[in-house]
Amino acid sequence: RGPCGTAIQIGATQLDNDFAANPAYAPWLDQARASGLTSAVSLPIRTDGAVAAVLTVYGREPAAFGEDEVKLFEQLAGDIGYGLATRRTRIAYEESILARQRDAERLRATFESTIAALAATVEQRDPYTAGHQRRVGALAVAIGRELDLDEQHLEGLRITGAIHDIGKLS
């Protein structure tokens, strides 16, 4: 029911330049006097169109906040809201990047397991050439290194070498 609560509830700046004259401030008046406070301005901080918080600035003199000060504090509250929203957006973005990285790692592990299963199946079908596919992959990677291929291409050569005899399954 005080200025902070009202700023949250109605989403508008609450200016109280004289606590003693405001009945809504009665529950806090003794504590305010003991602290030497006589005025306050409470400003809603918005993020995504809703009030997320309130910024309250207290003054030690009556009528401490004029129109110019209130405008300045409203701009500050707007900047704080923008900063909070930006931070939340950045955190969500970073979390989505981490989730995509985890998904990509799981997909890669599944892919590698599938390749290994295919290679093992080919080797069982033709035990005479067991290990041949791995050696072809290793040789292809060695040639790729000599050609200065990047790691992604070298990995492609290793995988391709591991399954190049897949036709033997049929």
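View 1. Axes are lines fitted to C-alpha atoms, for helices over the stretch in contact, and angles run from 0 to 180 degrees between N-to-C directions. Helices (H or I, at least four residues) and strands (E, at least two) are DSSP runs, numbered from the N terminus. This is a predicted model: local features need pLDDT of at least 70, side-chain atom pairs count only at pLDDT 80 or more, and totals for chains, interfaces and linings use all residues. Residues are numbered from 1 along each chain as its sequence is written, and side-chain values use heavy atoms, with hydrogens and water left out.

View 2. Two strands pair if DSSP finds at least two bridges between them.

**View 3. Strand 2 pairs with strand 1 and with strand 3.** Strand 1 and strand 2 are antiparallel and share 3 bridges. Here L15 has V41 of strand 2 as its bridge partner. Strand 2 (residues 39-47) and strand 3 (residues 50-59) also run antiparallel, joined by 9 bridges. S42 faces T56, which belongs to strand 3. The hairpin of strand 2 and strand 3 has 2 residues between the strands. In this hairpin, D48 takes a positive phi near 55 degrees.

**View 4. A24 sits in a loop.** The loop runs between strand 1 and helix 2 (26-35). The cut-offs are under 20% for buried, over 50% for exposed, and partly exposed in between (1.4 Å probe, protein chains only). Leaving aside residues up to four places away in sequence, A24 touches R1 and G2. Such a contact means heavy atoms within 4.5 Å. Q75 is 51 residues from A24 along the chain, and their C-alpha atoms are 26 Å apart.

**View 5. Helix 3 meets helix 5.** The axes of helix 3 and helix 5 (residues 151-163) come within 8 Å. They cross at roughly 30 degrees. The two helices are therefore roughly parallel to each other. Angles under 35 degrees count as roughly parallel, over 145 as roughly antiparallel, 65 to 115 as roughly perpendicular and the rest as oblique. Helix 3 contributes R108, F111, E112, I115, L118 and A119 to the contact. Helix 5 contributes E155, R158, I159, A162 and I163. How many residues of this contact are nonpolar, polar or charged? The contact has 7 nonpolar, no polar and 4 charged residues. Ala, Val, Leu, Ile, Met, Phe, Trp, Tyr, Cys and Pro count as nonpolar, Asp, Glu, Lys and Arg as charged, and the others, Gly among them, as polar.

View 6. Side chains of opposite charge can pair when their charged atoms come close. A salt bridge is a side-chain nitrogen of Lys or Arg within 4 Å of a carboxyl oxygen of Asp or Glu. By this rule, the count is 9 salt bridges. For E112 and R158, the N to O distance is 3.5 Å. E112 lies in helix 3 and R158 in helix 5, so the pair ties together parts that are 46 residues apart in sequence. E112 is partly exposed at 31%, and R158 is partly exposed at 34%.

**View 7. D103 and R106 pair within helix 3.** Their closest N and O atoms are 2.3 Å apart in a salt bridge. The two residues are 3 residues apart in helix 3, which means about one helical turn separates them. D103 is partly exposed at 41%, whereas R106 is exposed at 51%.

**View 8. E123 and R134 link helix 3 to helix 4.** The side chains meet in a salt bridge of 3.2 Å, N to O. E123 is in helix 3 and R134 is in helix 4 (residues 132-146), 11 residues apart. E123 is buried at 18% relative accessibility, whereas R134 is exposed at 56%. Elsewhere, salt bridges with shared partners join R108, E112, E155 and R158 into one network.
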